[in-house]
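Here is a short briefing for a first look at this structure. Keep the sequence and the 3D view open as you read.

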Amino acid sequence: MNMQATVSAVAFAGMERFHEIPDAAAILVTQAGVYRQVKLYRRGDEVYAGQGTGFIRLFRNGGTSTPHTKYAGLDLAGLRADEDRLGRLIIGGGNG
């Protein structure tokens, strides 16, 4: 194994991955007015919506990390939503 491959493997060994939140969903709304139901994911305590082949970050105020998409509804399947100091949606831990 070459040096670059070794460094890359070490750098990603502790990387948090995206995990689907079972039974959770969001309704995304584009600037063009298109509504779409999508699955929700967590990465650590951060909450993301599936968008195409990627993920977008959700904010507590209904905004997202992409400027032309908002969310109109959110079902966290019993998980408690909270926000970090920047207003990004996080899982607050526990139910309720």
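Asp84 counts as buried because its relative accessible area is 18%, and buried means under 20%, with exposed over 50% and partly exposed in between (1.4 Å probe, protein chains only). This is a predicted model: local features need pLDDT of at least 70, side-chain atom pairs count only at pLDDT 80 or more, and totals for chains, interfaces and linings use all residues. Residues are numbered from 1 along each chain as its sequence is written, and side-chain values use heavy atoms, with hydrogens and water left out.

**Asp84**
- Asp84 sits in the loop between β6 (79-83) and β7. Strands (E, at least two residues) and helices (H or I, at least four) are DSSP runs, numbered from the N terminus.
- A polar atom of the Asp84 side chain lies 2.9 Å from the backbone nitrogen of Leu86. A polar contact is a pair of N or O atoms within 3.5 Å; within protein, one must be able to donate a hydrogen and the other to accept it, and residues adjacent in sequence count only if both atoms are side-chain atoms.
- Not counting residues up to four places away in sequence, Asp84 touches Arg57 and Ile90. Contact means heavy atoms within 4.5 Å.

**Thr64**
- Thr64 lies in the loop between β4 (54-57) and β5 (69-75).
- Thr64 is buried, at 11% relative accessible area.
- The Thr64 side chain has a polar atom 2.6 Å from the backbone oxygen of Thr69. A polar atom of that side chain is also 2.9 Å from the backbone oxygen of Thr66.
- Beyond four places in sequence, Thr64 touches residues including Ile56, Phe59 and Tyr71.

**Glu20**
- Glu20 belongs to strand β1.
- Its relative accessible area is 41%, so Glu20 is partly exposed.
- Glu20 and Tyr41 are 21 residues apart in sequence, yet 4.2 Å apart in space, C-alpha to C-alpha.
- Leaving out residues up to four places away in sequence, Glu20 touches Lys39, Leu40 and Tyr41.

**The nonpolar core**
- The largest nonpolar core has 14 residues. Such a core is a set of buried Ala, Val, Leu, Ile, Met, Phe, Trp, Tyr and Cys residues joined through side-chain atoms within 4.5 Å.
- β1 (19-30), β2 (35-43), β3 (46-51) and β7 (89-95) are the elements that give two or more residues to this core. β1 gives the most, with four.
- Among the residues with the most contacts inside this core are Ile21, Leu28 and Ala49.
- Ala49 is in contact with Leu28, Leu40 and Phe55, among others, leaving aside neighbours within four places in sequence.
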